[in-house]
Amino acid sequence: MRPRIVIVGGGVTGLTAAYTLDKEGDCEVTLLEAAPHLGGKVGTAQIPWHDSTLVVEQGADSLFTRKPWAIDLAEELGLGDQLVEPQAKEFSMLIGGKLHRVPGGLVTLTYSEPDAVNEADFLTDAAKKAVTDEPTVPAGNGSDESIASFFRRRFGEEFSRVVAEPLLAGTHGGSPETLSMKALYPAYFDLEREFGSLAGGMVARKRQRTEDPVEPRGKRRNTFLSFKNGMGTLVETLVGRLGKTRVELDTFVESIDPVEGGLKVTAADGRKWIADDVILATPAYHAARIVQSAAPEASERLHAIKHVSGAIVTLAYPANAVPGGLSGTGFLVPYHEKFPVTGGTWSSNKWPGRAPSDTILVRLFLGRFGSVDVDTASEESMIEIGKRAFEQLFVPKESPIFETTHRWRRALPQYEVGHLERLDGIVAALTPLRGLHLAGTSYRGVGIPDCVRQGRDVAQSVLRKSSINHE
Ligand SMILES: Cc1cc2nc3c(=O)[nH]c(=O)nc-3n(C[C@H](O)[C@H](O)[C@H](O)COP(=O)(O)OP(=O)(O)OC[C@H]3O[C@@H](n4cnc5c(N)ncnc54)[C@H](O)[C@@H]3O)c2cc1C
């Protein structure tokens, strides 16, 4: 009999797992998704706009290419010619109510780019000196610590607060004082352990790459890429490739229990499936409910992975309403800065084809701090806050000609210090559910590339296991 595999959750993780099983395995695959559509937190709205289109991302808008798995998948799916590079690169930091350009090289967060550090007009001389001195700071003891603690220790308080924390913690919607360096940024964490300093490690790594004859020089990609028609392209293409997978939409899975010969998956409407393996690709708090009766300890530990909410307000203005136009890709707001939004992206500046040339399209992020609780606020009030923030920065001469918002409840997982050890505890506590595998944004990497990697890896490990069992 062919192995029976059920995937719960049809976001990027579940879809990648299904695609991999479909392509590489001879098994019976069923994908159960609670929503009436697939894709989870990735989706693009194409808004007809006069003779053109506004490409409005509802969630994610880019792929980080240093984690190559999503780009590799896109190329495998034949989407290489759909990938687009940012038209602008630099972004700004909001400090003291004003936007300051962040020199490109500063995002390496080390002194490996001295010109960038010296050019940063918002850093005091003392902060610049602390960055320069980083190679002399003794290495930590290798135990996990928060993003704020790591960067304060290595670069001093100011650089940590106005550069490292907004860059690394801001995008997670969380507090730099609690988010785990080891779980979220293992590359930086390991540089310190291996080379004693980040700047020294960067330089050594660069040298290794140059000397490595296998590294294809000149083929390096831009750090971020997107798709011509938005991130929805990835989801739509994956869905189109699910030839053998049976997809059940509007199917909210309530529980998974061990039974003779496998696992029983039960949906809220009473339907049941028996599987040899189940890939549970939902956020951790859903997984916690699903495994509660069979593995209560795992459930409790899954509940301990916090998730915070966020919202995106998208606005379009006539280009001539913003005197001087917009520059760069957008801005970030440090944690302690008082401002109504946590950051923004100038979508029409950043990516080609997001809006006609006489229109600017911007996204503003709400959540974490600022003046609104995104769980309870009305859509109108969130749009108002987005508009107010933009008006404070640019004083547009006209009101927006298009406005929309997308709320994401409990969408941003918080990998707090000790996250990886917490995961080990969860896996150990799942023994009553042999054949159950967790994957997705709550666990081993929050962004799309990591979700693709987790989806592919879990599918391949299920296939390896079933080929051994069926030999
Ligand atoms: C506002 C925002 C902006 C982001 N920007 C970026 C970005 O620019 N780049 C990037 O790489 N990443 C970004 N991310 C992160 C990225 O979108 C997510 O990591 C990724 O989409 C998560 O995929 P997933 O499949 O693990 O989870 P999800 O997308 O959450 O999918 C899980 C699926 O499980 C389903 N489900 C839940 N419970 C059940 C149940 N009981 N039964 C059946 N189905 C269930 C849900 O309906 C959902 O479809 C962003 C996230 C947000 C919220």
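Pro86 sits in the loop between strand E6 (83-84) and strand E7 (91-95). Strands (E, at least two residues) and helices (H or I, at least four) are DSSP runs, numbered from the N terminus. The model is predicted, and local features need pLDDT of at least 70, side-chain atom pairs count only at pLDDT 80 or more, while totals for chains, interfaces and linings use all residues. Residues are numbered from 1 along each chain as its sequence is written.

A residue counts as buried if 20 or more other C-beta atoms lie within 10 Å of its own, as exposed if 12 or fewer, and as partly exposed in between, with C-beta atoms placed from the backbone. Thr223 is 137 residues away from Pro86 along the chain, yet their C-alpha atoms are separated by 9.2 Å. Beyond its neighbours within four places in sequence, Pro86 is in contact with Asn222, Phe224, Thr329, Lys350 and Trp351. Contact here means that the C-beta atoms of two residues, placed from the backbone, lie within 7 Å.

His100 belongs to strand E8 (residues 98-102). With 16 C-beta neighbours inside 10 Å, His100 is also partly exposed. His100 and Asp121 are 21 residues apart in sequence, and 7.5 Å separates their C-alpha atoms. Leaving aside neighbours within four places in sequence, the contacts of His100 are Ser92, Met93, Ile95, Asp121 and Phe122.

Two loop residues come next. Most residues other than glycine have a negative phi. His50, although not a glycine, has a positive phi of about 50°. His50 lies in the loop between E3 and strand E4 (52-57), and His50 is exposed, with 9 other C-beta atoms within 10 Å. Asp250 likewise is not a glycine, and its phi is positive, near 50°. Asp250 is found in the loop between strand E10 (246-248) and strand E11 (253-259), and is partly exposed, with 13 other C-beta atoms within 10 Å.

Now to the helices. In helix H10 (residues 232-240), the residues Gly232, Leu234, Val235 and Leu238 are buried. They lie on the same side of H10, because they cover an arc of only 160° around the axis; the arc is that of the directions from the helix axis to the C-beta atoms. These buried residues pack against helix H1 (12-24), strand E3 (44-49), helix H2 (69-76) and strand E9 (224-227).

Two helix pairs can be set side by side. Axes are lines fitted to C-alpha atoms, for helices over the stretch in contact, and angles run from 0 to 180 degrees between N-to-C directions.

| Helix pair | Angle | Axis separation |
|---|---|---|
| H1 and H10 | about 35° | 9 Å |
| H5 (residues 147-155) and H6 (residues 157-168) | about 140° | 9 Å |

The crossing of H1 and H10 is left-handed, whereas H5 passes H6 in a right-handed crossing. A crossing is left-handed if the near helix is turned anticlockwise from the far one by less than a right angle, and right-handed if clockwise. For H5 and H6, the contact is made by Ile147, Ala148, Phe151, Arg152 and Phe155 of H5 and Glu157, Phe159, Ser160, Ala164, Glu165 and Leu168 of H6.
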